[in-house]
Amino acid sequence: MSGHFALLKRLRDGSELSDFIREEIRKIDAGVRGEERVFERLKELRLVGAFRVFSDVCLVLDEWKVQIDCLVVTDRCCIVLESKNISGRLYFNEELDEFYKEENGTETPISNPYFQLMRHIRFMKEFLRKTHPQMKVTGAVIMTAKSCRIMQKPTHYSIYKLESMVERVTQIYNSSGVASFSGEELDVVGKLLEENRSPFEYPPLCEYYRINASEIRLGVECPGCGVLGMRRTGKTWTCTSCNKRDRNAHKKAVDDYFLLINNRITNRDFRKFCMVESIYAASRMLGNMDLQMHKAGGKTYYTKK
Ligand SMILES: [Zn+2]
């Protein structure tokens with residue numbers, strides 16, 4: 001989420017995107033709280049057989065990346081749980097494949113969690129195909145907001161409220177036939193999940209949200225007062241607003257650059273973004289940072305290590 005805060009800080013004053021990004025931050029935050037509620041509540045889960053709970057599972061299979069909120073791997077089946085922290089009155093229109101919420105008389109369309117759930121079930125089937133082909137994979141969407149009412153429920157897949165989740169997961173387990181896996185085998189699955197873990201990373205946010213780079217304010221941020229546009233004088237940066245000096249203030253700007261604009265930076269990009277004129281000073285600063293240098297066809301650029 002650090003990228004979202006960097007973006008908010010660097011949007012021009014009065015940018016109409018600011019409210020949108022604030023809302024994105026709120027949603028991400030709500031999502032994380034929802035996942036935590038699911039994980040917390042699953043501590044009450046007791047099944048007759050062995051099971052393991054994994055939360056925030058980021059996996060990669062060849063080029064296919066997923067971020068699954070919660071996995072309950074049992075001796076009978078694997079249950080994918082997707083949490084959605086959305087308040088209001090919720091409607092699932094199956095005929096139109098639409099999902100929307102109604103709050104204070106306003107209808108807001110929301111991306112249908114069904115497709116995400118199906119994608120993640122498909123992924124887990126594929127993931128377990130070689131090592132545990134007999135493992136059944138199923139799942140449900142869990143609505144975690146305290147103030148949500150499901151007004152119109154889909155019939156062809158499971159969507160439950162948090163308060164009934166433990167009972168529902170128990171039912172899914174009980175109706176999944178006989179146990180075919182030992183506790184040791186579940187630990188093998190756990191190890192596989194660990195080995196194929198891939199950190200979830202956003203692409204640079206301007207690309208992700210299709211924001212024109214010209215919307216982004218340039219300059220090095222003062223660690224003292226937060227004003228952008230420190231000046232490089234000799235070997236240090238000086239704030240034009242509060243006169244604070246800092247030798248390494250450009251490092252944060254380069255981090256911002258990677259989070260917002262591009263995951264590679266050239267000397268020219270650096271000079272423009274940090275507002276430095278000297279190629280040599282820029283080259284020294286880039287060279288002294290813990291970055292990976294690449295040379296391709298006479299061009300040099302840097303990436304994070
Ligand atoms: Zn300052």
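**View 1. The side chains of Glu221 and Lys252 are joined by a polar contact of 3.0 Å.** A polar contact is a pair of N or O atoms within 3.5 Å, where, within protein, one atom must be able to donate a hydrogen and the other to accept it, and where residues adjacent in sequence count only if both atoms are side-chain atoms. The side chain of Glu221 also makes a polar contact with the side chain of Lys9, at 2.6 Å. This is a predicted model, in which local features need pLDDT of at least 70 and side-chain atom pairs count only at pLDDT 80 or more, while totals for chains, interfaces and linings use all residues. Residues are numbered from 1 along each chain as its sequence is written, and side-chain values use heavy atoms, with hydrogens and water left out.

View 2. Glu221 counts as buried because its relative accessibility is 18%, and buried means under 20% relative accessible area, exposed over 50% and partly exposed in between, with a 1.4 Å probe and protein chains only.

**View 3. The zinc ion has as its protein donors Cys222 (SG), Cys225 (SG), Cys239 (SG) and Cys242 (SG), lying 2.3 Å from it.** Donors are N, O and S atoms within 2.8 Å of the metal (3.2 Å for Na, K and Ca), and sites may look incomplete because water is not among the atoms. The site is tetrahedral, with angles of 106 to 116 degrees among the four donor atoms; four donors count as tetrahedral if all angles lie between 85 and 135 degrees. Both Cys222 and Cys239 are buried.

Methods. Tetrahedral: all angles 85-135°; square planar, octahedral: opposite > 155°, others 65-115°.
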